[in-house]
Amino acid sequence: MDLLKYILRIADSQLIIAQRLSEWCSKAPTLEEDIAISNLSLDLFGQANILLEYASKIDGKRSADDFAFHRDERNFYNFLITELPNGNFGDTITKHYLYTEYMLLFFEYLSQSSDEELSAISKKSIKELKYHVKHSKSWVIRLGDGTNESKNKIQKSFNDIWRFTGELFEMNNIDIALMKKNIAVDKKIIKTIWDEKINETFKTSKIDRPKCEFMLSGSIDGLHTENLGHILSEMQYIPRSFPNAKW
């Protein structure tokens, strides 16, 4: 079903990047940042859960937990950028900024969807993602306009991660079919606005926009890097090992 797969694409990206951010717990540069990143992760887990609950409602057979813990890599549709290893702090900030700047725009347009539940979920998510963008953007500017070392490191982070941004704006037959029903978002519009916002941040932070023209993709069809398998093996271990366990 088109709507089910569309919802899973959104939910999976929120779930996987939340899992990645949670790996920073107790490892961030400062105690304040440790708490901040943990809270960002919880926001995204919450959004993923609401979306998976909606997917469960549409599916009628599987629960939100089934979708999260009992699918393999080929049945996940998260963006590749969300499954990338955390790397250093600058890598994580770069990844989170590029992704959340996109997701904020995406939810702003999805809030106008004719699907009332998707619209409501989007409106709730917008409030949280505004802080995510503010937080990650402030770090990008701080590191880019900081010391020579911090500037060089954050520039390298953008250079390395940039090739994963192209697929954020890919669309297939599902998008086109749901756009005709005023459910899905036209990503071509988002791309123009996203570019403007990213360029503004680059200018402020004195970071050069990467010139990489080769973009990696595949998640829209369930194709991933080896990183997703490692994430799922850890995230799904308990539910798969003890499928009938009750809290």
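Analyst: A salt bridge here is a side-chain nitrogen of Lys or Arg within 4 Å of a carboxyl oxygen of Asp or Glu. The model is predicted, so local features need pLDDT of at least 70 and side-chain atom pairs count only at pLDDT 80 or more, while totals for chains, interfaces and linings use all residues. Residues are numbered from 1 along each chain as its sequence is written, and side-chain values use heavy atoms, with hydrogens and water left out.

Across the whole structure, a search finds eleven salt bridges. One of them pairs K124 with E128, with 3.5 Å between the closest N and O atoms. These residues lie four apart in helix 6 (residues 116-144), which means that about one helical turn separates K124 from E128. Helices (H or I, at least four residues) and strands (E, at least two) are DSSP runs, numbered from the N terminus. K124 is partly exposed, at 43% relative accessible area, whereas E128 is buried, at 19%. Buried means under 20% relative accessible area, exposed over 50%, and partly exposed in between (1.4 Å probe, protein chains only).

Another salt bridge joins D12 and R71, whose closest N and O atoms are 2.6 Å apart. This pair links distant parts of the chain, 59 residues apart: D12 is in helix 1 (residues 2-22), and R71 is in the loop between helix 3 (64-69) and helix 4 (80-83). Both D12 and R71 are buried.

Helix 7 holds a further pair. K156 forms a salt bridge with D160, at 2.7 Å between the closest N and O atoms. Because K156 and D160 are four residues apart in helix 7 (residues 148-161), about one helical turn lies between them. D160 is partly exposed, with 32% relative accessibility.

The 14 residues of helix 7 should span 20 Å at 1.5 Å a residue, and the end C-alpha atoms are 20 Å apart, which agrees. The expected span is 1.5 Å times one less than the number of residues. Buried in helix 7 are S150, I154, Q155, S157, F158 and I161. They cover an arc of only 155° around the axis, so they sit on the same side of helix 7. That arc is taken from the directions from the helix axis to the C-beta atoms. The buried residues of helix 7 pack against helix 4, helix 5 (89-110), helix 6 and helix 9 (187-205), where contact means heavy atoms within 4.5 Å. On the face turned away from the buried side, helix 7 carries the exposed residues N148, E149, N152 and K156.
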